[in-house]
Amino acid sequence: MLENIEINIKEDKEDKENIKILGIETSCDETAASVVINGRIVKSNVISSSSEYQSIFGGVVPEVASRKHIENIGKVVDKSLKDAKITLKEINAIAVTNSPGLIGSLLVGLNFAKALSYASNIPFIAVNHLHGHISSCYLESNIKPPFMCLIVSGGHTLLVHVKDYLKNEILGTTTDDAVGEAYDKIARILDLPYPGGPKLDNLASIGKKNIDFPMSFANDGLNFSYSGLKSSVINYINTQKMKNSEIIKEDIAASFQKAAIDILIIKIKRALENTKLNTVAICGGVACNSYLRYSVSKLAKEENVNIHIPKTIYCTDNGAMIASAGFYKFLNKEFSDLATNAYSTNPHII
């Protein structure tokens, strides 16, 4: 098998213009697969989410997510190849998320990719989910390293100096809760249906930012902290209830959102000053947030920097970003073997 892989690599070296990567993503509750050419041209992008089932429980239940991945992964991968009008024999490598994420969900995608790799004699590449999010910035765009990247999602909040396609330096991360997790928690407290982040964003758009919720600066470095903000909002709501005072949900949402997003902008400015970079990319599910997009567009004008945010479909979890990350590892011959395991946590290896 290894000899055949080496032959494939040599053949692809002669024709880099047509490197086709099949990307598989199952780190949480989306079963996703995509075919991407040269790390940037998306030929297909199929996503099957179990959020409809998760909404019954008000959040992601790992067991439910894993079972849905098992049910859907074969159909999703088949459809991604069909939509791309590409056969499996034309695929140069299979890229798959192996960390971080829900361990059961990761194992479904990883083992499927291993089996497909072994059966089809196609090399496979294990990809870190965060590397995938960074690579989402390359999809259907011309952005190139170096640049500053803010990764904001339900599980992660990081500032990364992207020095090259495979060389990243983490400048700041969350010391407790991620910004997306804070959004989901406050949304549940406000009785908003799952997924709560987008619902809270919509509610905040009609509210007033008239409640002074504190921003945590996490020791004034480039790290983030959202547990204190969550506690402040919860305490405010409980105090209003004890006083029998009116609870205006839209004002709470707007005030929380301002505090949550403003600290991101402050840290981006600080990171730009430290690195002297002039391009900022925002990726991850929270990159869809309207107030964040407004704030970074304002930042771009004030600081004279370039801002890049991937299309909404590439901000949330998807197979295309994993395929893109796999492409750059393919060029560097960073292949994985069948002993590769899945890991629920190792966010610093991107």
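Strand β2 and strand β3, residues 41-49, pair in the antiparallel sense over eight bridges. Strands here are DSSP runs of E of at least two residues, helices are runs of H or I of at least four, and both are numbered from the N terminus. Two strands count as paired if DSSP finds at least two bridges between them.

A word on the source. This is a predicted model, where local features need pLDDT of at least 70 and side-chain atom pairs count only at pLDDT 80 or more, while totals for chains, interfaces and linings use all residues. Residues are numbered from 1 along each chain as its sequence is written, and side-chain values use heavy atoms, with hydrogens and water left out.

Back to β2. Strand β1, residues 20-25, is joined to β2 by six bridges, and the two run antiparallel. Ile21 has Val36 as its bridge partner in β2. The hairpin from β1 to β2 goes through four residues.

How many of the residues of β2 are buried? Eight of eight, over residues 30-37. Buried means under 20% relative accessible area, exposed means over 50%, and partly exposed is in between, with a 1.4 Å probe and protein chains only. In a regular strand, side chains alternate between the two faces of the sheet. In β2 both faces are covered: Glu30, Ala32, Ser34 and Val36 are buried on one side, and Thr31, Ala33, Val35 and Ile37 on the other.

Next, a loop. Pro146 sits between α5 (129-135) and β6 (147-152). Its relative accessible area is 47%, so Pro146 is partly exposed. Leaving aside residues up to four places away in sequence, Pro146 touches His161, Val162, Lys163 and Leu277, where contact means heavy atoms within 4.5 Å. From Pro146 to Lys163 is 17 residues in sequence but 4.6 Å in space, C-alpha to C-alpha.

Finally, the whole chain. It has 12 helices and 10 strands. Its radius of gyration, taken over C-alpha atoms, is 21 Å, close to the 20 Å that the globule rule gives for 350 residues, so the chain is as compact as a globular protein of that length. That rule is 2.2 Å times the number of residues to the power 0.38. Of the 350 residues, 54% are buried.
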